[in-house]
There are 2 protein chains.
Amino acid sequence: MPEISQRAKNMPASPVRKLVPYAEEAKKKGTKVYHLNIGQPDIETPETALRAIKNIDLKVLDYSLSEGGFAYREALASYYHKLGFNDLTPENFIVTNGGSEALNFAISTLCDSEDEVIIPEPYYANYNGFAGTFNVKVVAIPSTIENGFSLPPAEDFEKKITEKTRAIIICNPGNPTGYLYTQEELKKLAEIAVRHDIAIISDEVYREYVYDNNEHISMLAFPFASDHVVIIDSESKRYSMCGARIGCLITRSEKIYRAAMLFAQARLSPVLIGQIAATAAHHDDAAYVEEVRNEYTKRRDLLVDLLAKIPGVKCSRPKGAFYCVAELPVEDTDHFAQWLLEKFSDNNETVMVAPAGGFYSNPELGKKQVRIAYVLKEEDLKRSVELLEIGMARYKKEFLNPKG
Amino acid sequence: MPEISQRAKNMPASPVRKLVPYAEEAKKKGTKVYHLNIGQPDIETPETALRAIKNIDLKVLDYSLSEGGFAYREALASYYHKLGFNDLTPENFIVTNGGSEALNFAISTLCDSEDEVIIPEPYYANYNGFAGTFNVKVVAIPSTIENGFSLPPAEDFEKKITEKTRAIIICNPGNPTGYLYTQEELKKLAEIAVRHDIAIISDEVYREYVYDNNEHISMLAFPFASDHVVIIDSESKRYSMCGARIGCLITRSEKIYRAAMLFAQARLSPVLIGQIAATAAHHDDAAYVEEVRNEYTKRRDLLVDLLAKIPGVKCSRPKGAFYCVAELPVEDTDHFAQWLLEKFSDNNETVMVAPAGGFYSNPELGKKQVRIAYVLKEEDLKRSVELLEIGMARYKKEFLNPKG
């Protein structure tokens, strides 16, 4: 039997997805599973986007340009103009199959095997996957639940820079922490990137979902670092169209753009229908985002307030995105999360959470934590937390007193 | 300015896509460009597939499972049952963003940096891109236009196998050559794979388009090599839905499947709407493929007959896929193809072909050749070849007698 690659052997299982088979089994047994494990909102996709799909007037679903169709890149440029970046043109955008592919392109364009990227942790678990795909090493800068996952001093980043460092990756607002970077923090990171001539890959796919009148600052806001910045964006979260698989890579650096285009050409083209849907959403849905933001604010508050009432649970109030990292009074959330799916149910219902170990470079650091996505409507969220609480109580009983 | 990776520097430009900017320029000047450069058929996507898209009854475009939705994988399994592979179940399929992503997964699952894959050349140019992405070396086995690109003896493959060899990649029927492998050739390759415990990645995306009552034999037909075979498939060509970006990786090897799934999970999910469209096409469109096959047969015959009449042009009659490699009486088809777009037009029309250098490990071998896709309807194909002929005559005049 042929051996699989070391690359594959080193690939971490996605903490968000690895328990899916257990969830599928639970569903087969008739158990309802509430999904707090994945950033799949139950928020409806904008009606204009769905209508654009239903009204497609095409005879052939053909390839688009490798960098994405011009009309959609124009819509993207005009969206970025509204954010204040008037210099961007369609030629700054490469449309990708989700933000995932944009991350892949960014890393492969900038990094060779054994190179390093610096990432504040906990971080989006699939950064490990994308880096691992290319044998790139993740060097983590730790932040902790105790201080609300606030960013360590920018100088700490500088200390980690070696000859192998090719980029700093940030997610702003952060998945899984909900942390929102300040103007000052971002400026310092940009200065470090320029000083050391490394790239900053800024994953801003949750940009729209920032709460309490806080302002999101894009890494694009520092023109002195124009040649160093690569933005990862996506329509998945903005318009609740994760399954459309439409994201993009944005850079003002011609050199990075041209290199990334080689990877884009090799896979021929991003998906057509998603571009049509996203173009429509951009044209018509300004109000949509505000409404969704209000909804997430309510959900966040509900979630955090409910969690705070459970003895032994620690969690801070995230400023953005739609996740929070919570510490649970269990020894190993990998085991607990699997147990919830395999052994537990209450009134034929259970809940699925993402064990947070996979969001750290060293899984031990997140062993007692889970990532919870507040993507379900309030009543479902309420029931999910209730299930979590009942589950924890029963789990504690079972494992502290097995004969219980 | 941050340096780009060596990986990116080594990435070959796609011979199919690298001239696109010149084509875009020509179009801006009002010149009509006939595209023989790319496998983008003008054949209509099945009505059932388009209808399924128009009738989507979804409120949220959500993620599917990383391996693809169950309903679509069931449709795939049942399609493979009709091909005679009754043992396949939905659990043998990983749905991907086009055949491109399936190739990426196959290579990253099997190969590490510096590993080698053996490929008969000329081969699909993007194999270079996918291998290059992972620093994998392509070891080519040459075939020539003189003998219709027939496969060298299977033993020649064996001679190229080293400790670094991880897989043999074949494309059957072949892009760009249209070559169709015989049962005997395939069996020998399968035996070699088993004997040396390496994988065979068999790209069968053109399986439906085999002409003159020839039979397509899948690499799945050799159960003794079950653990060694990875199939690349796609709906792009079968149902003329290249822009839907739906392909799949198929393997009977649990080990390879599990490893490939890690890469699939890292990018979360394949595209939703394409799966819906493809499921519909599989359920209803048996007649479609036969009709399209007849159409391609006519186009192939027209193309080959027309090319045969042009003095100095060499080309054989392909048995499958919808490409042929033709040798032209010019010194450098890279230069010629660009010239056709930049400097040439006849009645405000020109034609785009893919220089064949990029389909070889050593571009010099294909320097006088082009790949022509017979994906346009007969009258367009006729006009395209006419433009090619007029262009060649004018090009010859200009470059043999520049003052002429």
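Modeller: Helices and strands here are DSSP runs, numbered from the N terminus: a helix is H or I over at least four residues, and a strand is E over at least two. This is a predicted model, in which local features need pLDDT of at least 70 and side-chain atom pairs count only at pLDDT 80 or more, while totals for chains, interfaces and linings use all residues. Residues are numbered from 1 along each chain as its sequence is written, chains are lettered from A and ligands numbered from 1 in the order in which they are written, and side-chain values use heavy atoms, leaving out hydrogens and water.

Colleague: On to sheets. In what order do the seven strands of the open sheet in chain A come?

Modeller: Start with pairing: two strands pair if DSSP finds at least two bridges between them. With that in hand, the seven-strand open sheet of chain A reads β2-β8-β7-β6-β5-β3-β4, and its pairing is mixed. At its edges are β2 (93–96) and β4 (137–142) of chain A, each of which pairs on one side only. From one strand to the next, the twist averages 20°.

Colleague: Which strands does α5(A) touch?

Modeller: Contact means heavy atoms within 4.5 Å. For directions, axes are lines fitted to C-alpha atoms, for helices over the stretch in contact, with angles from 0 to 180 degrees between N-to-C directions. Here α5(A) packs on the sheet and touches β2, β5 (165–171), β6 (199–203), β7 (229–234) and β8 of chain A, while making about 160° with the direction of β7(A). Helix α8 (residues 183–196) of chain A packs on the sheet too, touching β5 and β6 of chain A at about 165° to β5(A).

Colleague: What about the open sheet of four strands: what is its order in chain A?

Modeller: Read that one as β9-β10-β13-β12 of chain A, with antiparallel pairing. Its edges are β9 (314–315) and β12 (354–355) of chain A; each has a single partner strand, so one side of each is left without a neighbour in the sheet. β9(A) pairs with β10 (residues 323–327) of chain A over two bridges, in the antiparallel sense. There, K314(A) is opposite E327(A) in β10(A). Helix α12 (residues 286–308) of chain A packs on this sheet, touching β9, β10 and β13 (369–373) of chain A, and its direction makes about 5° with that of β10(A).

Colleague: Last one: how many residues of chain B are in contact with chain A?

Modeller: There are 79, and they meet 79 residues of chain A. Buried area is the accessible area (1.4 Å probe) that two parts lose on being put together, summed over both. Chains A and B bury about 6,900 Å² between them, with 59% of it on carbon and sulfur atoms. M1(B), R17(B) and Y63(B) supply 11% of the area that chain B buries against chain A, more than any other three residues.
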